[in-house]
Amino acid sequence: MSAPQKITGPTGPSTSNLITAEELLGPLKQAAEGVKKKPGLMKSTVGYMELIKKYVERIVTAKDEGKWVATHGTQQPLEIYEAMGVRGLFIEFWGVISDVVKLESVPEALNISASTGTPGEVCSFFRNMDGLMHAGKWPRTDFLLYATSSCDNVKAYHTLGRRYGIPSFGMERPYLPYTPKALEHWKNEHKRLIAFLEEKTGKKLDYDRLKETVRLSYRLTELTLEIDKLMAHVPCPMSAECFGGVLVAIRLLPGTQDAVDYLTALRDELQERIDNGIGAVKDERFRVLWSCFTPFWDPTLMGFMQQKYGAVSVGEVLANWRGEAKWLLDPDDPLGNLAYRTQLAPGNCQYASSQDWASNVVDQARRLKADGAIFNNNWGCKQASGLGRLVGDELIHHCKVPSVTLNVDVIDSTFVSRAEIESQLDSFFEMLEGSKAYQERRAMA
Amino acid sequence: MNAPLKALNEMQRLTSPFPESVAVKEWKASGGQVIGWFNPYVPEEIIHAAGMLPFEVTGDNEPVQMQAAEAYIYSNSCSKIRTCWQLQLDGKYGFLDGLVSSSMCDQDKRLYSLFEYYNKLPYMDMVYAPRKRDEEAVQLYLSDLQDFRDRFSLYQWHRFSDAKIAKSIEVYNRGRELMHELYELRKRDRPPVTGAEALEVSKAAVRMPRERFNELMEQLLAEIQSTGREIKKAKRLLVIGSDLHNANQMAALESLDAVVVVDEMDIGIRRAWGQVDTQLPPMEALARYYVLGRPVDKHNWVSDGRLEFIGELVEQYKVDGVVSQDVRFCTYNGWDKFDVKKQMQERGIPLLQIDLEYGHPAGAQMKIRVEAFLEMLQSAA
């Protein structure tokens, strides 16, 4: 990465709260230890914190261990990275974990981004990266890797790569993904990615190793589906402190034994809680589905909702596998399998039609017996801003599940006040409780 | 004072009122179907070859109150998309028989989905818009175009031939040639048309039968030739950024002592650029042209070519200053802003960046900024 521009000084934006990868590690270690002693939490909270800590540690220690770091977007074949000694750094996660450890870091990074002329209307995951890169606080990155399949903001990878001297590679994903021609094209894009990585690392991909990472990744999918079934239990056994664990495992660490071990332990604990009649809260009053994404900007909101309203989060669209998700079509064709997986993967409905997104949400609402849905309209997300109404209409039409829209920024905690969010939630749950559909559903439960 | 251009007047008459115009009504009255399209990765030639009228779904010169649309598309989305959906809700696009879009932009996709869900038209389709400009991208796009042609043929119960597509390519190539000629004339020290007039010409191209448009373009160029029309303004501007269909916005810039001599919009110069190769099989020729044959646009991942193109326009058109008009919430323009500014600084070209809402008239604030910009250009001269 080229040297950052000097931005401190009497007129430049503040950089004192920006958090680096190394600075994240200390608090994460403390948190992992702290939750061991905290009563009332799910046991898997420890594993969850350990998994996050390990993820950050992998990035921090990559260079010393002779590995590479790729900052990347959604729908990447991380199994290939893993097989080639490339450690992924998921851009979205970086904003989220910064909020978990130090809420002040993201707003400061966004200020720096704004000072370079980047408008505040584009996605803050990317603006956060922009600001941190500009200040020289983004983790050391060897490549920027991305695909069409998330959103228009992926243009930023090449733009920022050019600005900071980081090589980048983008994969073009067809819009209609399941035609033979589209699948073939997408598989070829995986080959081009491998060629790019082989050129940059000087290392050949070991296909036997790839088969192994693909096998582990498939196991992760199976575990996710098992957990999904357990989440449908009333009362829901998953408590807020572990809710993000599945997403972290499947979107950050596919192809790793660590992720498989974590989801195995989580699944077992959820089953144990069901067997013992333990739910997230004593009195589960509402089952909530996040129909856009979870409240990344406020790590305490889900726990608060459990405590105040008895509202338990039962699902979110970005962690939802479609159908049975049988993507391991041919164990001897790891690339073909991966091409299929990255088309099918949770979150891919972002890139599809609004109806596709809505059908995923409706499917979840039915399976997970949701009472209400919360749609987070992220200020910088042009995918979301055009589909909230349609998703809400479909939920009502098919399942009589009402939605509330919260206007937020996905990681900027200063965008909207907590009081305003609480006020909206007060009204929403009051409305929900009084609705005929809710009362009928509860009577049948 | 220059006399109004008769051919342009006729274009405006035929394309008024917007959007269900004289031309649209005539077309429908003769039993023709109208297929709307959203963005520049939908080849009009294919719709034309099917014997239908391609019509670009946009806003126009009048601002639209978008409150109803904002119940469907929240206000943190591009106002062009909200405008189009509002026009649909107001019944203005009731004449469309179909709609074709591409995956060029997240917001276009959402608009398409709204049509599909709340107001499904007899024919609806979507093609991929490649972000790269290489052979793989051409092949991917070609494959999507072929699928589109197959589905469109099914809709009609009639497969339109390669020969028909080749014929349509000729018609559209002629249109591009004529529009390019107009752009060439604008390189003159005293261009024959204003930017606002040129924008009206570009809009007419996508709102009326192309054969008729081509005839009127020939008349327009002849008229310019015979009248020796000249626009006498002190400063020459290049407008870049978002597609703006409100010619009044452009006219507001030109109400000062400046003329827009060229633009970098999809609605503008990109529509007048290059030719589809008539030596290739027609579908392949279209794919190559739409992916590789036009200047790099803001949606391409690698913007270097776009920045170069802007720089070349500045030189070729002897531009004094660049005005970047960016519709708020456009992700692509957002990520190009830094580099556009940097490039203009490096080239020593004055740049005015204006954030605005699509379709809104130029307000006092914008006028003040443009005035200040022109004063700055004057003092720098």
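Here are some questions and answers about this two-chain predicted model.

Residues are numbered from 1 along each chain as its sequence is written, while chains are lettered from A and ligands numbered from 1 in the order in which they are written. Because the model is predicted, local features need pLDDT of at least 70 and side-chain atom pairs count only at pLDDT 80 or more, whereas totals for chains, interfaces and linings use all residues.

Q: How many helices and strands does chain A have?
A: Let's start with the terms: helices (H or I, at least four residues) and strands (E, at least two) are DSSP runs, numbered from the N terminus. On that basis, chain A comes to 17 helices and 8 strands.

Q: What is the radius of gyration of chain A, and what does the globule rule give for 445 residues?
A: The radius is taken over C-alpha atoms, and the rule is 2.2 Å times the number of residues to the power 0.38. Chain A is as compact as a globular protein of its length, because its 21 Å is close to the rule's 22 Å.

Q: What percentage of the residues in chain B are buried?
A: A residue is buried if 20 or more other C-beta atoms lie within 10 Å of its own, exposed if 12 or fewer, and partly exposed in between, with C-beta atoms placed from the backbone. Of the 381 residues in chain B, the buried share is 55%.

Q: Which residue of E2(A) does A:Thr71 stand opposite?
A: Strand E1 (residues 68-72) of chain A pairs with E2(A) in the parallel sense over 5 bridges. In E2(A), the residue opposite A:Thr71 is A:Leu89.

Q: Which helices of chain A are included in what covers the buried residues of H5(A)?
A: Helix H5 (residues 105-115) of chain A is mostly covered, with 8 of its 11 residues buried. Among them are A:Val106, A:Leu110 and A:Ile112. The cover includes H4 (91-101) and H6 (124-134) of chain A.

Q: Which element gives the most to the side of chain B that touches chain A?
A: Two residues are in contact if their C-beta atoms, placed from the backbone, lie within 7 Å. By this rule, 39 residues of chain B are in contact with 33 residues of chain A. The elements giving two or more residues to chain B's side are H5 (106-118), H6 (135-156) and H13 (331-347) of chain B. With 9 residues, the one that gives the most is H5(B).

Q: How many residues does the largest nonpolar core have?
A: A nonpolar core is a set of buried Ala, Val, Leu, Ile, Met, Phe, Trp, Tyr and Cys residues joined through C-beta atoms within 7 Å. Those with the most contacts inside the largest one include A:Ala249, A:Leu263 and B:Leu238, and its size is 261 residues.

Definitions and conventions: Pairing = 2+ DSSP bridges.
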